[in-house]
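Me: Hi! I'm new to this one, could you walk me through it?

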Amino acid sequence: MKYIEKLQYITHDIPQFTHIEQAQLACEAGAKWIQYRCLSKPDEELLTDIHTVAEICDDWGTTLIVTDHIHLNGKADIQGFHIENMDADFVALRKLVGNDITLGGSAHTIENMIRLAKEGADYIGLGPFASTNTKPNDLPLLGIEGYSTIMPQLESLHITMPILAVGGIKIYDVETLMRAGIYGVAISEAIHSADDFIEAYQDFYDAVKG
Ligand SMILES: Cc1ncc(COP(=O)(O)OP(=O)(O)O)c(N)n1
Ligand SMILES: Cc1nc(C(=O)O)sc1CCOP(=O)(O)O
Ligand SMILES: [Mg+2]
């Protein structure tokens, strides 16, 4: 099983910080895992951004995951991809990228999770926990009840891969989520919209590590 970090910072298109600035701030705060999530730029601009983010991550010993854009594999120093498409064929994706690249998938239900586990994803982002401005969607919110129901079901199915909660998580939610048995959390807004980015990241870090 690959090592997966418990706190993942997801970059976002926001006016106050570029993706590169977010990566720099997160690394300065101690981030060991960054997911570069930019769905608005053409490949050439993406690669320019990603090369710089990869250099920052390399300097700080931070893992760089890119959301989607798996066709960029091999074109920059990227350690893995988080695939948004719930119907993606992870067996085919694994064949494409090989075993060394981390592949994460999104899930909303236990059925999604069983399929991702069978198809060899390395971790699962399970959400949305609560409503979020980062990715508004119509999906039912899982809330703490959702995680408390799903985690024991996974255990009884002997699915042991890391499960990260995602979507609208605030600092005061982390302790209860960890108690529900999740492995970690993936956060964007509560960090990038905080008065102090670095302090907010570090508060999440402390909460996740317990
Ligand atoms: C760790 C992690 N978990 C979940 C997501 C969000 O995935 P999803 O909502 O499927 O992605 P988008 O459609 O919003 O791109 C994530 N990015 N990371
Ligand atoms: C990319 C993404 N998708 C989500 C979903 O729930 O589908 S949450 C998310 C980003 C993280 O959320 P936040 O900014 O609220 O921490
Ligand atoms: Mg999605």
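Reply: Happy to! One term first: a residue counts as buried if 20 or more other C-beta atoms lie within 10 Å of its own, as exposed if 12 or fewer do, and as partly exposed in between, with C-beta atoms placed from the backbone. This is a predicted model, so local features need pLDDT of at least 70 and side-chain atom pairs count only at pLDDT 80 or more, while totals for chains, interfaces and linings use all residues. Residues are numbered from 1 along each chain as its sequence is written, and chains are lettered from A and ligands numbered from 1 in the order in which they are written.

Me: Great. So is His69 buried or exposed?
Reply: His69 is buried, because 21 other C-beta atoms lie within 10 Å. Its phi is near 50 degrees, a positive value in a residue other than glycine.

Me: Where does His69 lie?
Reply: In the loop between β3 and β4. Those labels come from DSSP runs, numbered from the N terminus: helices are H or I with at least four residues, strands are E with at least two.

Me: And what is phi of Asp68 near?
Reply: Near 55 degrees, a positive value too, and Asp68 is not glycine. Asp68 lies in the loop between β3 (63-67) and β4 (80-83). Asp68 counts as partly exposed because 15 C-beta neighbours are inside 10 Å.

Me: Why point out the phi values?
Reply: Most residues other than glycine have a negative phi, and most peptide bonds are trans.

Me: Speaking of peptide bonds, which residues does a cis one join?
Reply: Gly127 and Pro128, with omega about 0 degrees. Gly127 counts as buried, because 25 C-beta neighbours are inside 10 Å.

Me: What does Gly127 touch?
Reply: Leu142, Ala165, Val166 and Gly167, leaving out residues up to four places away in sequence. Contact here requires C-beta atoms, placed from the backbone, within 7 Å of each other.

Me: Switching topic: how are the strands arranged?
Reply: Eight strands form a closed barrel, β1-β2-β3-β4-β5-β6-β7-β8, with parallel pairing. On average, neighbouring strands of this sheet are turned by 25 degrees against each other, direction ignored. Two strands pair if DSSP finds at least two bridges between them. For example, β3 and β4 pair in the parallel sense over three bridges, and Thr67 has His82 in β4 as its bridge partner.

Me: Which strands does helix α3 touch?
Reply: Helix α3 (residues 90-97) packs on the sheet against β4 and β5, and its direction makes about 160 degrees with that of β5. Helix α2 (residues 43-60) lies across β2 (33-36) and β3, at about 155 degrees to β3. Axes are lines fitted to C-alpha atoms, for helices over the stretch in contact, and angles run from 0 to 180 degrees between N-to-C directions.

Me: Now the ligands. Which residues come nearest to ligand 1?
Reply: Glu84, Ser106, Gly125, Lys135 and Ala186, out of 15 around ligand 1. The elements giving two or more residues to that shell are β1 (7-10), β5 (102-107) and β7 (163-166). A residue is near a molecule if its C-beta atom, placed from the backbone, lies within 6 Å of it.

Me: And how many residues surround ligand 2?
Reply: There are 17, with Pro128, Thr132, Thr134, Gly167 and Ser188 closest. Here β8 (184-187) and α7 (189-192) are the elements that give two or more residues.

Me: Which residues does the "binding site" annotation cover?
Reply: UniProt's unreviewed entry covers Ser106 and Lys135 with it. They are spread over 30 residues of sequence but cluster in space, the largest C-alpha distance being 12.8 Å. UniProt positions use the numbering here, feature names are shortened, and annotations may be inferred rather than shown by experiment.

Me: Where does Ser106 lie?
Reply: In strand β5. Ser106 counts as buried because 24 C-beta neighbours are inside 10 Å. Leaving aside neighbours within four places in sequence, Ser106 contacts Glu84, Met86 and Gly125.

Methods:
Two residues are in contact if their C-beta atoms, placed from the backbone, lie within 7 Å.
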